[in-house]
Amino acid sequence: MFESLKKKFSRTSDKLEEELKEEAQQENNLDPDEKPQKKRSFFSFGRKKEEPKEEEATEQLALESGEDNSGEEVEESSLLSKETTDSEEITKDEPKEEKKSFFSFGRKKKEESLEEEADDESAEEAEDDSEEESEDKKSFFSFGRKKSDDDEESSGGFFSFIREKTISEKHVEDTLWELEMGLLEGDVAMEVASEVVDSVKQNLVGKKIKRSNDITEYTFNALRDAVAEIIDIPGKNMTEMIEEKKAQGEPLVVMFVGINGTGKTTTIGKLANYYLKKGYTPVIAASDTFRAGAIEQVNYHADNVGVKLIKHQKGSDPAAVAYDAIEHARAQGKELVLIDTAGRMQTNTNLMDEMKKIKRVANPDLVIFVGDALTGNDATEQAVKFNDAIDVDGVILTKADADSKGGASLSIGYVIKKPILFLGMGQGYDDIMEYDAQWMLNQLFSDDEEEVSESE
């Protein structure tokens with residue numbers, strides 16, 4: 001999810017680092033004596049560090065100590081017991097041959113190489129070259145190994161400054177302009193993109209840095225803090241509301257609005273299934289009476305999940321259907337009424353007026369706008385129109401699992417100042433989840449799938 005936004009966030013860090021490094025080079029402010037170190041990647045900040053496996057820890061110590069990890073020591077250690085057993089079988093009269101490492105075949109002997117170097121160079125130079133060669137070698141078993149946080153290294157490399165630098169507005173000006181353009185291209189609403197940029201600027205300007213890792217860490221934290229403020233909109237929790245209404249002896253009435261094709265009816269089926277599994281008894285009202293096909297569609301979902309459907313004939317009064325569903329829930333002691341309405345464009349005045357009538361008659365506790373996450377800014381604009389017309393209480397975004405841009409997920413709640421309640425995460429009835437701002441933040445600021453799964 002949200003791969004496009006992840007790349008833009010990471011690029012912001014890289015761009016700022018480039019700006020500061022270029023200026024430091026002009027000022028001769030890069031530390032020439034800094035020993036090479038591994039640079040942490042943008043998404044490694046904030047990630048839980050895993051304890052290295054015993055084998056990897058041993059190998060890492062060998063690498064850091066400058067030992068030759070060409071495989072000879074690994075083989076000698078792992079085959080120590082085997083060699084001891086074999087030596088008992090060898091008689092005293094048999095000549096012993098020097099054991100060759102598996103990796104020694106096809107390779108020139110080190111002694112011959114050193115002799116050739118001695119003819120052209122001094123013994124001291126040969127020794128230096130040997131040490132450099134040893135440091136550059138990688139263990140055979142290190143290839144294909146999953147990198148730990150400490151192993152991660154950015155292509156930009158690590159650098160530090162001789163004199164401490166302070167991030168100023170001129171350093172971030174081009175970087176943040178590029179970020180803002182990138183967010184807009186990713187279907188993030190204009191006011192949200194501006195809010196992110198302003199927040200990041202406020203957090204970065206004035207920060208003192210000594211190393212390139214400082215730049216990456218400060219940028220990561222600034223972006224994360226800015227996004228956290230935007231996506232965490234306080235609002236009503238639907239499950240808690242059901243319990244409150246149940247204590248009053250009343251069902252929770254929820255009305256769903258949105259345009260055709262966003263997955264509104266399917267979402268109603270998912271929510272009915274979701275709350276059935278929580279021990280509640282929903283009832284669905286087929287208040288989209290403009291199309292016979294709409295009644296059949298919601299009837300199909302109701303049958304699949306096993307809930308009661310209240311329906312009238314095509315062309316009936318939608319508000320009357322909603323009223324009958326509420327009365328049925330009261331009479332039968334059911335806790336939840338889900339009202340399906342006709343999908344309509346936000347510009348269709350007559351249909352919007354009809355929807356207002358349903359709201360007056362049914363008096364729902366929640367009006368939920370259902371939007372398609374893949375439509376980006378269109379979903380946000382639709383939510384604004386519906387909110388202006390009937391005052392929605394929350395949002396459900398469908399197809400969020402397929403959203404690589406993330407524009408709607410980042411924007412819609414902030415723009416209408418209403419919370420996202422659920423996310424549609426697939427085609428099955430179980431593929432729906434309650435929205436969690438922390439989970440969303442982890443999705444946006446982590447490349448570690450295991451961490452994201454744990455946070456769920």
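Which residues of H8 are buried? They are Val192, Ala193, Val196, Val197, Ser199, Val200 and Leu204. The model is predicted.

**Helix H8**

Seen down the axis of H8, these buried residues fall within an arc of 165°, so they line one face of the helix. An α-helix has 3.6 residues a turn, so residues three or four places apart point the same way. The face turned away from the buried side of H8 carries the exposed residues Met190 and Gln202. Helix H8 covers residues 190–204, and at 1.5 Å a residue its 15 residues should span 21 Å. Its end C-alpha atoms are 21 Å apart, which agrees. Just after H8, Gly206 takes a positive phi of about 100°.

Strand E4 (residues 282–286) is mostly covered, with 5 of its 5 residues buried. In a regular strand the side chains alternate between the two faces of the sheet. Pro282, Ile284 and Ala286 point one way from E4. Val283 and Ala285 point the other way. Residues on both sides are buried.

E4 pairs with strand E6 (residues 336–340) in the parallel sense, over 5 bridges. E4 also pairs with strand E5 (residues 308–310) in the parallel sense, over 3 bridges. Ala285 takes part on both sides: its bridge partner in E6 is Ile339, and in E5 it stands opposite Ile310.

**Aromatic contacts**

How many aromatic pairs are there? With ring centres required to lie within 6.5 Å, the count comes to 6 aromatic pairs. Phe9 and Phe445 form a stacked pair, 5.0 Å centre to centre with 5° between the planes. Phe9 lies in helix H1 (residues 3–26), and Phe445 in the loop between helix H17 (437–444) and helix H18 (449–455), so the pair ties together parts that are 436 residues apart in sequence. Phe9 has 0% relative accessibility and counts as buried. Phe445 is buried as well, with a relative accessible area of 2%.

Phe369 and Phe386 form a tilted pair, at 5.5 Å centre to centre and 45° between the planes. This pair links distant parts of the chain, 17 residues apart: Phe369 is in strand E7 (residues 366–372) and Phe386 in helix H15 (residues 377–390). Both Phe369 and Phe386 are buried. Tyr274, Tyr275, Tyr280 and Phe422 form one aromatic cluster.

Charged ends also sit over rings. The charged end of Lys207 is over the ring of Tyr218, 5.3 Å from its centre. The charged end of Lys417 is over the ring of Tyr414, 4.1 Å from its centre.

Terms used
Residues are numbered from 1 along each chain as its sequence is written. This is a predicted model: local features need pLDDT of at least 70, side-chain atom pairs count only at pLDDT 80 or more; totals for chains, interfaces and linings use all residues. Side-chain values use heavy atoms; hydrogens and water are left out. Rings of Phe, Tyr and Trp (its six-membered ring) pair if their centres lie within 6.5 Å; planes under 30 degrees apart count as stacked, over 60 as edge-to-face and the rest as tilted. Helices (H or I, at least four residues) and strands (E, at least two) are DSSP runs, numbered from the N terminus. Buried means under 20% relative accessible area, exposed over 50%, partly exposed in between (1.4 Å probe, protein chains only). A charge sits over a ring if NZ of Lys or CZ of Arg is within 6 Å of the ring centre and within 35 degrees of the ring normal. The expected span of a helix is 1.5 Å times one less than its number of residues. The arc is that of the directions from the helix axis to the C-beta atoms. Two strands pair if DSSP finds at least two bridges between them.
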